[in-house]
Amino acid sequence: MGVEAAVAVPSSVLSDEVERGGKYLTFRLGAEEYGVEILKVREIIGLLAITAVPRTPDFVRGVVNLRGKIIPVLDLRMKFGMGQVDDTEFTCIVVVDAEVNGRAAHIGVIVDTVSEVVQIADAEIEETPYFGEALDTGFILGMAKHRSGVKILLNIEAVLAESGVVEVATMAAQELARVSESEEKEA
Amino acid sequence: MTDLRSDVLRLCDAAAEALVLFDESDPSRVAALGAAFSDLQAAFGDIDGDHPVALAASAARAVADGDPDALGRIEGLFAKVREAAEHIEPADRASVAEVASKPKKRAADSPRITKATRTAKAAKAAKASEASQPDASFADDAELLHDFAVRATEHMDDADEFLLALEHDPTDRGAVDAVLRAFHTVKGMAGFLALNDVRDLAHEGEGLLESAQGGERVPDAETLDRVFGMVDAMREAIRIAAGGAPTAAPREGSSAEETEPTAIATVARETIRVDSERLDQLLDAIGELVIAESMVSRTARVEMALSVGLGQQLGRLDKLMRQLHEMAGSLRMIPLRPTFQRMARAARDIAHQADKQVDFILSGAETELDKAVVDRIADPLLHLVRNAVDHGIESARDRVAAGKPACGRVELRAYHKAGSIFVEIEDDGCGLDPEAIITRAREMGLLAEDESAPTERELLGLVFAPGLSTSEEVTDVSGRGVGMDVVKRTIDSLGGQISVRSESGRGTQFIMRLPVTLAVIDGMVIQVSDERYIVPTLSVVRSIRPEAAEITSVFERGETLRLGDELVRLIKLRDVFSLNGFKLGVDESIVMVVESDGEKAGLVIDEIVGQQQIVIKSLGDALGEVAGVSGGAVMPDGRVGLILDVGGLVALANRTK
């Protein structure tokens, strides 16, 4: 069995893949079940009053006060282009500890509902199938065939970094550059 | 009691100074020595004849009577004299036990130390006479010295700690390195300040351990004892250096008399080192406490319809909270002065080395900033100062040829504006050379060969590109591995901005905008549509409800408000921020006239909710900068309110139209 597995998976994939098995927090977005590494999850909080931040991408829901610290909150549905739904009593914010741009940051992501914490064995995880160019699967760690159904395992840092919040920061930087330029013109 | 102790310590320093400056051929010095010790004895009051202070005083009298050996006796007694002085108020000084116990423990070694100290003192005496024409711009070196004393003492504390570790495990090479590093750092700092006695001691200390550095030799107990002794001697020398100088300076002018007591008070002031993380936790907790308190008092005010007694109590609580908060905020704040003075010193030395005449002007040194920010900007600032003096200011001959005064001018300024601290460094030198920058940028591939000449803005931006140095010669003051790109990165990482203005032949100006972290500001809470925002009260000029006739539109879009004899352009927050919700006509709205960088604008808002003190918080690293928003604050209801960046908004509105 072990030998077969080694044959089935090219060694190049194995060498740069880390051990993916472990505990995952699973949550739902629509009918789909996702998972993030439990070690990256700081806490789960109910939906708080979110302050919208103007001139940010639509997947940035805004900012909330987490015990005196202000953290940004992202809408994963919008981020994945899944279309908006109204918040329900199950909607909650998963606060993740992520390293973005080399800095540790707390970021909240809004999910439809949190399901459970499951132990997923490495052997249960399969590579992400190719869905064509229309679907960017870069931030999917793999697909887990768990007894309770298939879970899509997210590399949450990649979600936040890849074309995500980082882009917001870059946009802001460009904006600033333009702003100061126009200031200069005025002067 | 504390006053007595600081008096005694001051006299002790004066005596040490008299000892160092002693010159048997100069009667005034001889008299000064006698006077210093009899003053000291008087300050101790009723003491036995065999008390070290009394013995030293009688030895000083013997010196005055021409006994040459008595000087050696005083020097031998001096450590005990200081120890006695330290003991006057032990409760005030946690480290007394430590300081006092060490000389006893290492007593066997004392002759050697005394000798070392004496050689160093001789060096200092030579230095002192050399430095007796003080540079006018360094009249208040006291603060510089105090800063040095604090840092150097910290390094000596480190050295002690690692020496103790070495005693347990003499093979610990990390500890050897740490001790050497401490000596080396202090040596560098002392050398910089021309405190040659401290520098020489540090050098000697380094020498003692150097053989152990490579690990060829494990330091034996005797060596360690000697190093311990050296650390004590260094502490002593550091104290003398810090305490001695301010008393030496006042002879020059009468104005110094006022500064003398404060300078000495500064030296004697005790500080406690606290882990900055713990401090931050305390500040965060206080911040949350303030929020909790304001939520409670809001609810109480609404629900109880305010009984008089409760209202008073709440008011009192509110005031206390505010005080607590202000104190907490100031814990991390330190003035820029010591840093600025180091810059002044560096500028002077660099100018001397480069043989240039430079007038270095400081202003706003009392501006306070978070310590973390001050610490981080020291290196970038030094780099800019170095650039300005070394590369910016031309030689006197070139300057005269260019029709400028022979003496160059470099100005270092700090000021508070629009919730940020600005630090500027401006020189009236040759300015940046656009041709050189373009050539260099082309060589490095930052600019394509065929690309048309960059705009002035792009050009100045290139200054911060990594590796771009247009300096033709590398002098020993430049090239410490800190380039302009590092300067920019440091400022960026602090959440600040740096920009440069330059005019060929006229000079260069670097402007740093730095955040005042943990700052508390007064803010006006405003409502637009369903959103609430905060405008820093400092930027608000006035608020009015305009008459329709006062508003004029241009091309049916750009609107201006007539304010007295001024025309102020209106910024509709609703449009700039694309907010939904019911639209009020401009004449039904309120116009809040704000000012940024001397430019006025009118924010069109729905309502002014109130005024409150707010703690500025970042929106989080992940979100980066958001145009028109400078940060967030936790509102009394626990929600986040966004703080508007007035300058950014004006610029944003310019672009949106």
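So, the backbone nitrogen of B:Cys430 sits 3.4 Å from a polar atom in the side chain of B:Glu394. That's a polar contact, meaning a pair of N or O atoms within 3.5 Å; within protein, one must be able to donate a hydrogen and the other to accept it, and residues adjacent in sequence count only if both atoms are side-chain atoms. The side chain of B:Glu394 also has a polar contact of 3.0 Å with the side chain of B:Arg399.

Quick housekeeping. This is a predicted model, where local features need pLDDT of at least 70 and side-chain atom pairs count only at pLDDT 80 or more, while totals for chains, interfaces and linings use all residues. Residues are numbered from 1 along each chain as its sequence is written, chains are lettered from A and ligands numbered from 1 in the order in which they are written, and side-chain values use heavy atoms, with hydrogens and water left out.

Okay, where is B:Glu394? It's in the loop between α15 (371-392) and α16 (396-401) of chain B; helices here are DSSP runs of H or I with at least four residues, strands are E runs of at least two, and both are numbered from the N terminus. B:Glu394 counts as buried because its relative accessibility is 13%, and the cut-offs are under 20% relative accessible area for buried, over 50% for exposed, partly exposed in between (1.4 Å probe, protein chains only). Leaving out residues up to four places away in sequence, B:Glu394 touches, among others, B:Lys356, B:Lys404 and B:Asp428; a contact is heavy atoms within 4.5 Å.

Now zoom out to chain B. Of its 657 residues, 46% are buried, and the chain has 21 helices and 18 strands.

Next, the cores. A nonpolar core is a set of buried Ala, Val, Leu, Ile, Met, Phe, Trp, Tyr and Cys residues joined through side-chain atoms within 4.5 Å. The largest one has 60 residues, and B:Phe577 is one of those with the most contacts inside it. Helix α21 (residues 646-656) of chain B gives this core its largest share, five residues. Another core, of 45 residues, lies apart from it and includes B:Phe340 and B:Met484. As for B:Phe577, its contacts include A:Pro54 and A:Arg55.

And chain A? Its mean pLDDT is 76, with 72% of residues at 70 or more; pLDDT is the predictor's confidence in each residue, from 0 to 100. Over residues 1-16 of chain A, pLDDT stays under 50.
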